[in-house]
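The following note sets out points for a colleague who is reading the model alongside the sequence. The points move from confidence to the sheet, and then to side-chain contacts.

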Amino acid sequence: AETLTNADVDNAGFLIELTDESMYPQFPSGTEIIVNTDYEPIDREMIVVYLKRHDKAFFRMILFNGNDRFVRPLHPDLATVGMHKLNVEEDIIVGVFIEERKKSKRGL
């Protein structure tokens with residue numbers, strides 16, 4: 001399926017729907033996010049990252065500290081996986097968040 005957007009999305013870009021509250025309140029469960037896989041993330045940007053230790057992809061904020069990269073949820077109390085130091089050998093930054101679409105709770 002295709003999604004129409006004016007955002008800068010590469011050919012491998014994609015849309016996913018968030019399924020937890022780990023990025024609440026800015027990105028509540030059910031929010032759709034559009035991701036560009038061409039961009040290199042910058043400090044404090046939102047990204048989709050595959051964490052090998054958990055064998056799962058997560059939507060997180062990336063933090064730079066010298067040569068180290070960390071990812072963290074915006075709402076750690078509601079996340080099953082909290083702050084995580086990226087392992088450059090195993091973890092993969094899938095793409096950078098570029099647009100969100102919140103679903104109306106009223107069905108409008």
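1. Confidence by strand. This is a predicted model, and within the chain the lowest confidence falls in strand S1 (residues 14-17), with a mean pLDDT of 94, while the highest falls in strand S3 (residues 46-51), at 98. Over the chain the average pLDDT is 90, and 88% of the residues score at least 70. Where pLDDT is low, the predicted coordinates should not be read in detail.

2. Sheet order. The sheet is open and is formed by 7 strands, which follow the order S1-S2-S7-S3-S4-S5-S6 with antiparallel pairing. S1 and S6 stand at its edges with a single partner strand each, so one side of each has no neighbour in the sheet. Strands of a sheet pair through backbone hydrogen bonds, in either a parallel or an antiparallel sense.

3. Strand pairings. S1 is joined to S2 by 4 bridges, and the two run antiparallel; in this pairing, Phe14 has Val35 of S2 as its bridge partner. S2 in turn pairs with S7 over 5 bridges, again in the antiparallel sense, and Ile33 has Glu100 of S7 as its bridge partner. Strand S7 (residues 92-101) is also joined to S3, by 4 antiparallel bridges. There, Val48 is partnered by Gly95 of S7.

4. Burial of S2. Which residues of S2 point one way, and which the other? Glu32, Ile34 and Asn36 point one way from the strand, whereas Ile33 and Val35 point the other way, and all are buried. Because 5 of the 5 residues of S2 are buried, the strand is largely enclosed by the rest of the structure. The reader may wish to note that Glu32 and Asn36 are among these buried residues.

5. The structure holds 3 aromatic pairs. In one of them, the ring centres of Phe27 and Phe59 are 5.1 Å apart and the planes stand at 85°, so the pair is edge-to-face. Phe27 lies in the loop between S1 and strand S2 (32-36) and Phe59 in strand S4 (residues 56-65), so this contact ties together parts that are 32 residues apart in sequence. Phe27 also forms an edge-to-face pair with Phe97, at 5.1 Å centre to centre and with 80° between the planes. Because Phe97 belongs to strand S7 and Phe27 to the loop between S1 and S2, that pair ties together parts 70 residues apart in sequence.

6. Ser22 lies in the loop between S1 and S2. Is Ser22 buried or exposed? Ser22 is buried, with a relative accessible area of 1%. The side chain of Ser22 is joined to that of Asp20 by a polar contact of 2.8 Å.

7. The structure holds 3 salt bridges. One of them joins Lys85 to Asp68, with the closest N and O atoms 3.4 Å apart. Lys85 lies in strand S6 (residues 84-85) and Asp68 in strand S5 (residues 68-72), so the pair ties together parts that are 17 residues apart in sequence. Both ends are partly exposed: Lys85 has a relative accessible area of 47%, and Asp68 one of 30%.

8. The side chains of Arg101 and Glu99 form a salt bridge at 3.2 Å, N to O. Arg101 counts as partly exposed, with 24% relative accessibility. Lys102 and Glu100 form a salt bridge with an N to O distance of 2.8 Å. Lys102 is partly exposed at a relative accessible area of 48%, and Glu100 is partly exposed at 28%.

9. Charge over a ring. Arg69 lies over the face of Phe64, at 3.7 Å from the ring centre.

Key: Residues numbered from 1 in each chain as written. Heavy atoms only, no water. pLDDT = per-residue confidence, 0-100. Salt bridge = Lys/Arg side-chain N within 4 Å of Asp/Glu carboxyl O. Buried < 20%, exposed > 50% of the residue type's maximum accessible area, 1.4 Å probe, protein only. Pairing = 2+ DSSP bridges. Phe/Tyr/Trp six-rings, centres within 6.5 Å; stacked < 30°, edge-to-face > 60°. Lys NZ or Arg CZ within 6 Å of the ring centre and 35° of its normal. Polar contact = N/O pair within 3.5 Å; in protein donor to acceptor, adjacent residues only side chain to side chain.
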